[in-house]
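Please read it with the sequence and the coordinates at hand.

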Amino acid sequence: MQDKDRDHLDLLYNIGELTALIRESTDVGNLLARTVDMVSQHLQAEVCSIYLYDETSLELVLKATKGLNPEAVDKVRMACGIGLVGATLEEMQPICEGDAQCNPRFKYFPEACEEAFRSFLSVPIQRGVVRIGVLVVQHSQPNYFDETDVRTLRAIAAQLAGVLENARLLMNLRRLEGEQDHPMTAAELRFVKGLAASPGFAHGPAVVFDRSHARLLETAGEAQATEDDFHRAVQQTAEQLEQLQERIAERLPESASLIFSAHFMMLKDAQFTDRIAAMIQAGTAVPEAVKEVARHYIELFAASPHQYLQEKAKDLEDLAGRILKNLAGQPWEEHGFYDRQVVIAPALYPSEILKFAAEGVAGIVLASGGVTSHVAILARSLGMPLIIANQPGLLSIPQGLPVLMDAELGNIYVDPDSDIVHTFEMRNHARRTAETHAEAMLPETYTRDGERVYVRANINLLSEVPIASELKAEGIGLYRTEFPFLVRSTYPSEEEEYRVYKRLCDAMAGRLVTFRTLDIGGDKVPAYLEIAGEPNPQLGLRSIRFSLRHPELFRQQVRAILRAGVDTLDLRIMFPMISSLDEFRQARKIVAESLDELKSERLPHHSTPSLGVMIEVPSAVEIIDELAQEADFLAIGTNDFVQYLLGVDRMNERVADAYRPEHPSVLRALKRIADAARRAGKEASICGEMALDRDLLPFLLGIGIRSFSVDPHQLPAVQGLVRAVSLAEAEAYAARLLIEPTLEGVQRVLQSGPNRSNPKSLDDPP
Ligand code: PEP
Ligand code: MG
């Protein structure tokens with residue numbers, strides 16, 4: 001140890017200087033590099049590295065190193081607790097090892113080339129309780145570092161903490177700016193952070209979905225095939241599609257028959273097959289003839305001014321691909337073209353999500369959208385992992401490259417190494433096991449001090465009804481009637497609507513069902529309705545506006561609901577996006593007329609449905625007392641309410657940070673709604689995602705909300721949250737939140753939670 005001539009005081013002095021330098025500088029990377037240089041020099045360590053903790057990916061990332069492979073910067077990543085560096089952060093304690101590789105927690109990162117270094121000393125970098133990163137020194141000589149080094153490195157880390165915290169923020173900022181302005185390089189694309197829009201894990205080859213139909217041209221075919229082979233391939237394709245359809249019917253009973261309708265239509269169309277046969281007879285190779293004719297139809301469809309025909313172009317590409325695969329004798333995928341693949345797409349229609357689910361897609365990464373968008377809601381209903389990542393670079397990754405999606409955290413790993421895959425497989429297994437052992441739900445929900453609360457389910461697809469029943473939902477608080485019809489190519493008839501609604505009511509065996517009338521428009525535009533292309537769809541012909549503009553369609557839906565609900569004890573119908581008393585009265589009038597019609601037609605129906613208003617636009621709040629008096633119940637759709645009150649597009653990931661359900665204006669408006677409902681003696685429920693927020697649910701209880709309707713998978717969690725809080729606590733918490741005029745103040749109270757009596761500091765005015 002004598003050979004080490006280190007001047008620790010000098011080091012601390014220099015670090016102080018460095019601190020000032022970093023603060024003034026914008027080139028963070030360079031300054032981190034100089035820091036590791038300086039520390040390694042003063043401690044005479046051959047290696048000095050800084051790992052920063054990325055709070056979004058929950059990983060430690062090597063950000064600067066002197067002595068390890070410089071290529072490893074940004075590549076060596078580890079979760080908190082993994083390896084000696086991860087252990088340092090987890091335990092917030094230094095680790096000093098005379099021979100690091102003898103420690104069972106040592107983890108070898110091949111990129112770092114650190115095998116030569118035996119002595120290891122690491123200290124956590126922290127600010128208060130905030131974990132910032134880990135500072136590490138290494139040396140090839142065993143037992144090189146001593147107690148003095150530990151103390152010194154700790155002191156350095158303490159001095160660096162503030163600076164490194166800024167550096168970390170700056171780097172994050174750069175990354176965000178970079179994401180918007182430049183496509184990422186292949187190396188940067190190895191890890192992409194997005195928003196978790198539908199939970200789960202997926203691992204599979206990437207398939208970049210575009211609407212250019214280029215995929216068809218890449219599909220191989222058997223050049224030696226004959227015309228007979230072609231007819232056989234067509235026959236085989238038809239049989240496979242039928243099998244596929246049968247399987248889908250179990251998962252999506254309301255839309256199965258529609259998903260492959262275009263495929264069947266084309267297969268049955270003699271012109272399509274005849275054209276191909278004619279080309280084969282004229283000497284064209286079979287695969288070429290299939291592609292040529294398919295291309296012709298694709299162009300026809302794609303050029304159509306009608307969106308539903310444009311969408312058919314994709315179906316035709318899929319069909320031709322299937323025929324080509326059968327020609328080449330390739331085994332047909334059990335599910336579909338996208339079976340077990342990770343689809344990466346710029347944007348998708350809800351109907352496309354349904355098709356992907358039907359085809360067994362493993363997960364979806366979208367380059368645009370928001371987590372409360374309907375595509376995200378639908379993906380959750382389908383149990384399909386979905387991440388929204390504002391990273392167009394993903395759209396250019398090579399087809400077939402393995403991608404791992406951690407849609408619990410919103411992390412995307414492109415071409416992950418086997419360690420990462422293994423970790424995720426273990427976690428996925430644990431998650432599944434935990435899911436099946438989900439905490440047993442009690443049939444009724446009470447707060448800790450015995451206040452009765454109703455927890456119901458939001459249903460988008462019939463396939464969710466069993467899980468809602470299994471988890472003892474006290475009825476359906478919101479059935480989004482539009483979803484089953486998004487994959488159709490025509491508006492359904494009353495009979496078709498009736499059949500779907502009847503299945504739901506039968507499955508609920510008489511228990512409460514709340515039908516929300518059609519909420520199309522916005523981000524849910526069925527192709528056949530020709531309302532696509534509005535300049536501001538969220539402010540356009542949406543929801544009740546559409547229904548009132550098309551009273552014949554509205555009436556038909558209301559009749560189907562009333563007929564289907566004949567045996568439902570508590571049948572509720574609610575109207576989305578009501579912005580005036582007048583709209584509610586018009587809607588109510590249509591229900592009254594439909595009841596009269598059904599009565600005179602002697603068709604069995606429910607004759608006393610409760611009629612509710614969804615509170616989703618701010619104008620409703622100004623007339624809330626009158627709405628509460630006239631309606632039988634209120635249902636607050638917080639997803640839209642936040643969007644319209646704050647003027648923030650719920651679909652746009654770029655403004656996701658401005659979409660704040662905890663905004664003081666939102667909280668105060670909700671209180672006004674809850675008060676009005678109480679005064680009128682009516683129920684006000686919450687059926688938006690806000691009910692899932694563990695910090696905000698106690699607030700909602702505190703302002704008097706007693707019923708919630710949530711994604712069925714979340715029922716146990718919501719019941720657990722309700723049971724954990726007492727009404728007195730919730731009310732005091734709500735009162736504290738309501739006096740805060742700023743987001744910052746609200747955040748402070750939220751952090752203190754409902755169970756703490758006074759979160760404010762003594763300095764605060766009373
Ligand atoms: C809402 O807006 O909160 C709501 C429940 O309706 P949707 O999410 O379908 O718009
Ligand atoms: Mg809504």
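**Notes on the predicted model**

1. E292 has a relative accessible area of 37% and so counts as partly exposed. This is a predicted model, and every point below should be read with that in mind. E292 forms a salt bridge with R295, with 3.1 Å between the closest N and O atoms. Both residues belong to helix α10 (residues 286-302), where they sit three residues apart, about one turn of the helix. R295, at 27% relative accessibility, also falls in the partly exposed class.

2. D506 is partly exposed at 46% relative accessibility, whereas K502 is buried, its relative accessible area being 18%. A network of salt bridges with shared partners joins E494, E495, R555, R559, R563, K589, E593, E597 and E601. The count of salt bridges comes to 38.

3. Which residues form a negative surface patch? They are E239, E242, E246 and E250. E246 is placed in helix α6 (residues 227-251). With a relative accessible area of 58%, E246 is exposed, since the cut-off for that class is over 50%.

4. Helix α12 (residues 350-358) is largely enclosed by the rest of the structure, because nine of its nine residues are buried. The buried residues of α12 include the charged E352 and K355, along with P350, S351, I353, L354, F356, A357 and A358. Just after this helix, G360 takes a positive phi of about 75°.

5. Helix α3 (residues 83-91) is mostly covered, with seven of its nine residues buried. Those buried in α3 are G83, L84, V85, G86, A87, T88 and L89.

6. Strand β16 (residues 452-459) deserves a look for its pairings. Is it mostly covered or mostly open? It is mostly covered: seven of the eight residues of β16 are buried. With strand β15 (residues 445-446), β16 pairs in the antiparallel sense over two bridges, and T445 has V453 of β16 as its bridge partner. The hairpin of β15 and β16 has five residues between the strands, and within it G450 takes a positive phi near 90°.

7. The other pairings of β16 listed here are parallel. Four bridges join β16 to strand β23 (residues 707-710), with Y454 opposite S707 of β23. Three bridges join β16 to strand β17 (residues 476-480), and there I459 has Y479 of β17 as its bridge partner.

8. Two residues in loops call for a check of the backbone. K472 is a residue other than glycine with a positive phi near 60°. K472 lies in the loop between α15 (465-470) and β17, and at 34% relative accessibility it counts as partly exposed. M577, likewise not a glycine, has a positive phi of about 55°. M577 is found in the loop between β19 (571-575) and α19 (581-600). With a relative accessible area of 1%, M577 is buried.

9. The last point concerns V47, which has its place in strand β1 (residues 47-54). V47 counts as buried, at 0% relative accessibility. The C-alpha atoms of V47 and T65 are separated by 7.1 Å, and the two residues are 18 residues apart along the chain.

Methods:
Residues are numbered from 1 along each chain as its sequence is written. Chains are lettered from A and ligands numbered from 1 in the order in which they are written. This is a predicted model: local features need pLDDT of at least 70, side-chain atom pairs count only at pLDDT 80 or more; totals for chains, interfaces and linings use all residues. Side-chain values use heavy atoms; hydrogens and water are left out. Patches are made of residues with over 30% relative accessible area and no salt bridge: like charges are joined within 9 Å, nonpolar side chains (Val, Leu, Ile, Met, Phe, Trp, Tyr) within 5 Å. Accessible areas come from the Shrake-Rupley method with a 1.4 Å probe; for residues, only the protein chains shown count as cover. A salt bridge is a side-chain nitrogen of Lys or Arg within 4 Å of a carboxyl oxygen of Asp or Glu. The place of a charge is taken as NZ of Lys, CZ of Arg, CG of Asp or CD of Glu. Buried means under 20% relative accessible area, exposed over 50%, partly exposed in between (1.4 Å probe, protein chains only). Two strands pair if DSSP finds at least two bridges between them.
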